[in-house]
Amino acid sequence: MKLLRWHRGPRTVKLGLHCTACGHSFKRKVRKLLVDLNTMERNRGEPQGRSEYIIPERIVCPRCQAVDQFELASSSQVRIQMTILSRILVKPDPDDPVQAFRFALGDGTLMHPLDALEMYADQVARQPDHADLRVRYGNTLRALGYREEAEAQYHAALDREPTEIEALLNLAALHAAHRESQAAYDYLRRLIKCAPRSQHPQRDEFVEGAQLVLDGRIKLEEFDMTTPGRVLSAPVSPPRPVPRQPHPRRRKTRRKRKR
Ligand SMILES: [Zn+2]
């Protein structure tokens with residue numbers, strides 16, 4: 001069953017998009033399309049707010065040049081949903097440009113990934129020297145596939161706090177995922193070396209994991225598979241409270257039928 005047409009070279013998926021600014025429909029090949037299953041389930045009844053489809057690259061409308069203002073054409077949505085289903089039922093494919101995931105913060109808070117990204121960007125802007133915040137921001141960027149941006153945050157965290165072992169762990173995982181084994185091993189060695197000076201609550205766990213990889217008891221290729229659970233961290237300060245919406249049932253007033 002061929003659901004999507006794959007292209008040679010780096011795998012991409014061709015999507016039908018619809019510009020919400022000018023109404024133009026266009027096609028675009030993307031390297032990655034993420035589907036947040038939590039948002040998909042929330043949108044099932046009545047779509048509201050953010051889309052469950054996340055493309056971690058800038059999409060510019062070829063007609064009006066609007067940036068990142070698009071909807072996925074319904075034909076593409078159907079194909080994507082079938083692809084995800086076949087991945088779940090048939091076999092997972094980590095290189096597939098279409099990936100389903102469940103996004104949550106480290107404390108279990110469900111949040112749309114783009115809201116989390118905005119929240120962390122905002123927190124980092126207000127507290128640029130807060131290394132831990134930069135790691136959390138980096139983790140969210142990494143989870144969404146923004147590799148360069150994630151790396152920049154980890155390095156910025158390490159510039160401010162050289163014993164930030166979570167940054168080192170995630171940098172190692174990033175390089176491992178891209179089969180850059182030398183760099184991955186270097187970060188793991190660095191992690192073990194500076195761990196005694198780290199106050200990280202998961203320090204022992206990180207050291208143990210790093211040691212297992214360095215000893216060859218966990219293959220480097222499998223290393224990244226062991227991390228996604230902790231890829232997403234909890235925000236340092238709770239997100240700003242969302243203005244409370246009146247409950248829809250309370251707001252509902254019976255409309256008198258006019259004849
Ligand atoms: Zn447009």
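Predicted model: local features only at pLDDT ≥ 70, side-chain atom pairs only at ≥ 80, totals over all residues.
Figure 1. When neighbours within four places in sequence are left aside, H112 is in contact with D36, T39 and R50. The view also takes in E52, which is 60 residues from H112 along the chain, with a separation of 8.2 Å between the two C-alpha atoms.

**Figure 2. Strand β3 and its pairing with β6 and β4**. Strand β3 (residues 33-36) pairs with strand β6 (residues 98-101) over four bridges, and the sense of this pairing is parallel. With strand β4 (residues 53-54), by contrast, β3 runs antiparallel, and two bridges join them. L34 has a bridge partner in each of these strands, namely Q99 in β6 and I54 in β4.

**Figure 3. The largest nonpolar core**. This core contains 49 residues, of which L33, L168, L169, A172 and L191 touch the most other members. Helix α6 (residues 165-177) gives the most to the core, contributing nine residues. Both domain 1 (13-101) and domain 2 (114-231) are represented, with at least three residues drawn from each. In soluble globular proteins, nonpolar side chains tend to be buried together. A172, one of the members named above, touches A184, Y187, L188 and L191 once residues up to four places away in sequence are not counted.

**Figure 4. L188 and its contacts**. L188 is found in helix α7, which spans residues 181-194. This leucine counts as buried because 27 C-beta neighbours lie inside 10 Å, where 20 or more are required. Not counting residues up to four places away in sequence, L188 touches A172, A210, V213 and L214. A173 is 15 residues from L188 in sequence, and the C-alpha to C-alpha distance between them is 9.1 Å.

Figure 5. Among contacts between residues at least 6 apart in sequence, 59% join residues that are at least 24 apart.

Conventions:
Residues numbered from 1 in each chain as written. Buried ≥ 20, exposed ≤ 12 C-beta atoms within 10 Å, placed from the backbone. Contact = placed C-beta atoms within 7 Å. Core = buried A, V, L, I, M, F, W, Y, C linked by C-beta atoms within 7 Å. Domains from an automatic or database assignment. Pairing = 2+ DSSP bridges.
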